[in-house]
Amino acid sequence: LGVQRFANPLTEDEERKIFQIIEDKPRDSALFAILIGTGARVEQVVSLDANHVTRVGDNAIVAFDRPSKKTQTTVITGAYAQRVLSYRERLEDGLPLFTKLYAGGRQSKDDRLTRQGAWLIIKSYSRSVDRPHLIPSDLKATFITHRINEADEIGALEAAKRWRRALRIYY
């Protein structure tokens with residue numbers, strides 16, 4: 001059997017470096033921003049259509065469809081929201097949010113990016129910051145760590161405690 005390891009959130013420095021590397025790649029930047037800004041699974045993110053992302057002021061609202069359940073909405077704020085919204089503005093409603101790139105950098109309009117394709121993108125950037133073994137729970141732990149830090153900053157101690165309990169799953 002394989003060895004299971006606990007989640008290891010991206011450090012602020014690793015996250016900053018990744019976003020610097022992908023600054024001129026709007027699709028990849030938006031992919032990371034949604035993953036880290038929502039804590040969603042890769043499967044959920046690649047299944048999004050352009051109309052699942054809405055601008056509300058400076059924030060992005062992402063609506064995830066959940067089988068046999070109500071739609072779950074998540075608010076993305078700050079720099080993450082700006083990355084997602086600037087990418088979203090280029091796309092037509094009803095088309096997949098994340099699509100494949102072809103030779104020469106031409107982006108498909110309707111050939112949806114697969115979960116495996118998204119992970120190849122994520123792994124390629126994580127290697128560039130010396131994180132060759134990034135796993136899905138690392139991105140979720142990064143999201144939770146941000147929520148804990150935000151809650152601590154605004155003094156919402158009870159919210160921080162709830163997120164810390166959730167984070168124990170990943171540590």
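Helix axes are lines fitted to C-alpha atoms over the stretch in contact, and the angles between N-to-C directions run from 0 to 180 degrees. Helices (H or I, at least four residues) and strands (E, at least two) are DSSP runs numbered from the N terminus. The model is predicted: local features need pLDDT of at least 70, side-chain atom pairs count only at pLDDT 80 or more, and totals for chains, interfaces and linings use all residues. Residues are numbered from 1 along each chain as its sequence is written, and side-chain values use heavy atoms, with hydrogens and water left out.

**View 1. Packing of helices α2 and α4.** The axes of α2 and α4 lie 8 Å apart, and the helices pack at an angle of about 135°. That angle makes α2 oblique to α4 (under 35 degrees counts as roughly parallel, over 145 as roughly antiparallel, 65 to 115 as roughly perpendicular and the rest as oblique). Residues of α2, including Ala 30, Ala 33 and Ile 34, meet Tyr 80, Arg 83, Val 84 and Tyr 87 in α4; contact means heavy atoms within 4.5 Å.

**View 2. The ring pair of Phe 19 and Phe 32.** The structure holds 4 aromatic pairs. Rings of Phe, Tyr and Trp (its six-membered ring) pair if their centres lie within 6.5 Å; planes under 30 degrees apart count as stacked, over 60 as edge-to-face and the rest as tilted. The ring centres of Phe 19 and Phe 32 are 6.4 Å apart and the planes stand at 75°, so this pair is edge-to-face. Phe 19 belongs to helix α1 (residues 12-21) and Phe 32 to helix α2 (residues 26-38). Phe 19 is buried, with a relative accessible area of 6% (buried means under 20%, exposed over 50%, partly exposed in between, with a 1.4 Å probe and protein chains only). Ring pairs also link Phe 19 and Phe 32 with Tyr 80 and Tyr 125 in a cluster.

**View 3. The ring pair of Tyr 87 and Phe 98.** With centres 5.7 Å apart and planes at 10°, the rings of Tyr 87 and Phe 98 are stacked. Tyr 87 has 3% relative accessibility and counts as buried, and Phe 98, at 0%, is also buried.

**View 4. The largest nonpolar core.** Such a core is a set of buried Ala, Val, Leu, Ile, Met, Phe, Trp, Tyr and Cys residues joined through side-chain atoms within 4.5 Å. The largest has 37 residues, and Ile 34, Phe 98 and Ile 122 have the most contacts inside it. Helix α2 gives the most to this core, with 7 residues.
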